[in-house]
Amino acid sequence: MQDDAQSPSWRPPSLDALLRSASGADLVAIFGRQASAACLRDAIQAARTAGGSDDAALLGDAALCLAKRRALSIKPVFNLTGAVLHTNLGRAPLADTAISAMQQASGFVNLEYDLAKGRRGERDSHITEWLTTLTGAEAGLVVNNNAAAVMAVLNTLSRGKEAIISRGELVEIGGAFRMPEVMVRAGVKLREVGATNRTHLKDYEDAITDKTAMIVRVRPSNYAITGFTSSVPEKELAALAKANDVIFYDELGAGALVDFRQWGLPYERTVQETLSDGADIVSFSGDKLLGGPQAGMIVGRADLIKRVAKNPLKRALRLDKATLAALAATLQLYDDPDSVAEQLPSIRLLARKVDDIRQTANRMADALRPLVAQWAVQVEGCASQIGSGALPVDMLPSAAVTMTVPEAIMRGRGRRLDRLAAAFRALPQPVIGRIAEDRFWLDCRCLEDEAGFIAQLGELQVP
Ligand SMILES: *Cc1c(COP(=O)(O)O)cnc(C)c1O
């Protein structure tokens with residue numbers, strides 16, 4: 001009882017007595033005995049340190065602790081950051097059909113079972129036909145994400161041999177995924193050619209030897225090299241690879257299946273174009289421009305896909321049933337390209353017109369003004385990003401609600417903004433904005449559930 005030194009007069013109640021009390025029994029009924037006891041023990045310990053507490057307060061603290069323990073850690077947030085495909089916020093929001101497909105796939109399903117033949121089937125069969133139909137590829141398969149796809153392709157088709165890549169494409173994609181290191185891990189010898197800003201066909205030509213397995217083209221997705229630049233068109237690389245009997249691997253990253261210019265968005269090379277330009281094998285993400293769950297697609301020549309499928313790595317990198325179901329449902333939406341922008345939330349949000357966003361911003365500003373009386377609330381123009389390294393240099397015109405500290409209060413402005421941002425994050429469905437130029441910005445491009453946003457504002461603890 002040395003902890004009691006501060007307040008020798010307080011004698012903690014017995015855990016059993018607390019659990020047997022009326023409120024204690026309620027907790028046990030809801031949360032179970034083990035968790036209730038653990039939280040009560042913590043509450044007693046905290047009270048010891050604080051010098052004492054009464055039983056009701058201990059039980060109240062335990063109830064809070066239990067509620068927190070049971071709350072789901074992953075929960076919906078409002079992504080008002082301005083980056084639509086935000087990796088930290090789960091990238092692409094799924095289509096309704098993808099969500100219900102996941103639900104349907106949660107029990108026993110014909111995941112690897114051929115219902116017609118009554119025997120073992122192929123896990124990837126649920127998506128390969130969609131992949132080949134939509135992209136025109138001979139064959140396709142799917143793994144955990146595009147990073148895994150890169151690993152699987154390189155390791156299968158280039159292990160112990162050389163892969164030629166331009167110095168301008170030795171990129172770090174984020175999260176310590178650096179192309180040169182990945183290639184080394186995949187057992188591939190890196191053969192760098194050209195300079196950061198310029199690489200010519202001759203550079204590739206000169207690098208080809210009998211040790212060469214492939215030429216790799218990586219789409220520089222999260223940066224752009226501008227100015228005095230030159231890179232070799234895919235068609236020429238494909239022809240060079242073919243003439244020398246090596247593989248041409250195009251690592252696309254974003255992976256658009258439709259032309260984004262039809263929605264006034266910047267041009268992004270599609271998987272179909274990449275294949276028709278002669279790539280032997282192509283990889284891309286499921287949760288970037290495709291708008292589906294996390295996945296990595298590999299499409300291309302049937303003989304190469306077959307080799308990747310046989311690599312033991314493929315087994316380690318395979319998808320689970322819920323993800324496969326969501327991916328198949330997402331790909332299915334591309335069967336009707338005319339309606340894909342309405343059905344797929346990611347494209348719908350990317351294509352959203354600035355006038356429409358501004359109207360949302362105006363309504364949100366009206367709702368916020370009376371609540372954050374100390375703050376100057378405005379609607380301002382801003383620029384959203386596609387995010388996830390897709391189309392890095394292009395910004396989409398958007399509108400935001402901004403909140404500023406009144407001019408009179410200059411001191412501690414930064415800290416006040418931090419506290420305001422934290423208050424929005426503390427809402428039941430956290431609202432994530434960004435701080436820039438002395439203001440807190442809520443880019444309204446991704447705000448569709450206006451009623452849900454407004455309904456919880458009463459709980460905002462304005463600093
Ligand atoms: C995003 C990206 C990756 C990684 O894809 P994940 O699906 O996030 O694993 C790989 N290469 C390029 C070029 C990318 O843009």
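**Labels and their cut-offs**

Modeller: Helix 2 and helix 4 are roughly parallel to each other. This is a predicted model, where local features need pLDDT of at least 70, side-chain atom pairs count only at pLDDT 80 or more, and totals for chains, interfaces and linings use all residues. Residues are numbered from 1 along each chain as its sequence is written, and side-chain values use heavy atoms, with hydrogens and water left out.

Biologist: Why are helix 2 and helix 4 called roughly parallel?

Modeller: Helix 2 (residues 22–31) and helix 4 (residues 55–70) pack at an angle of about 10°, with axes 10 Å apart. Angles under 35 degrees count as roughly parallel, over 145 as roughly antiparallel, 65 to 115 as roughly perpendicular, and the rest as oblique. Helix 2 and helix 4 are therefore roughly parallel. Axes are lines fitted to C-alpha atoms, for helices over the stretch in contact, and angles run from 0 to 180 degrees between N-to-C directions. Helices (H or I, at least four residues) and strands (E, at least two) are DSSP runs, numbered from the N terminus.

Biologist: Which residues of helix 2 and helix 4 meet?

Modeller: Contact means heavy atoms within 4.5 Å. Ser23, Gly24, Leu27, Ile30 and Phe31 of helix 2 meet Leu59, Ala62, Ala63, Leu66, Ala67 and Arg70 of helix 4. By class, that contact has 8 nonpolar, 2 polar and 1 charged residues. Ala, Val, Leu, Ile, Met, Phe, Trp, Tyr, Cys and Pro count as nonpolar, Asp, Glu, Lys and Arg as charged, and the others, Gly among them, as polar.

Biologist: What makes helix 5 and helix 14 roughly antiparallel?

Modeller: Helix 5 (residues 96–104) and helix 14 (residues 321–333) pack at about 150°, with their axes 8 Å apart. They are therefore roughly antiparallel. Helix 5 contributes Thr97, Ala98, Ala101 and Met102 to the contact, and the residues of helix 14 include Ala322 and Leu333. The contact of helix 5 with helix 14 has 8 nonpolar, 3 polar and no charged residues.

Biologist: How do you know that helix 7 is roughly perpendicular to helix 12?

Modeller: The axes of helix 7 (residues 146–158) and helix 12 (residues 302–310) cross at roughly 105° and come within 9 Å. That angle makes helix 7 roughly perpendicular to helix 12. Ala152, Thr156 and Leu157 of helix 7 touch Leu304, Arg307 and Val308 of helix 12. This contact of helix 7 with helix 12 holds 4 nonpolar, 1 polar and 1 charged residues.

Biologist: What lines the largest pocket?

Modeller: The largest pocket has 33 lining residues, with Leu89, Arg91, Ala92, Pro93 and Leu94 nearest its centre. Helix 5 gives the most to this lining, with 4 residues. The lining divides into 17 nonpolar, 9 polar and 7 charged residues.

Methods:
1 Å grid on protein atoms, 1.4 Å probe; cavity = no way out; pocket = protein on both sides within 12 Å on 5 of 7 lines; lining within 4 Å.
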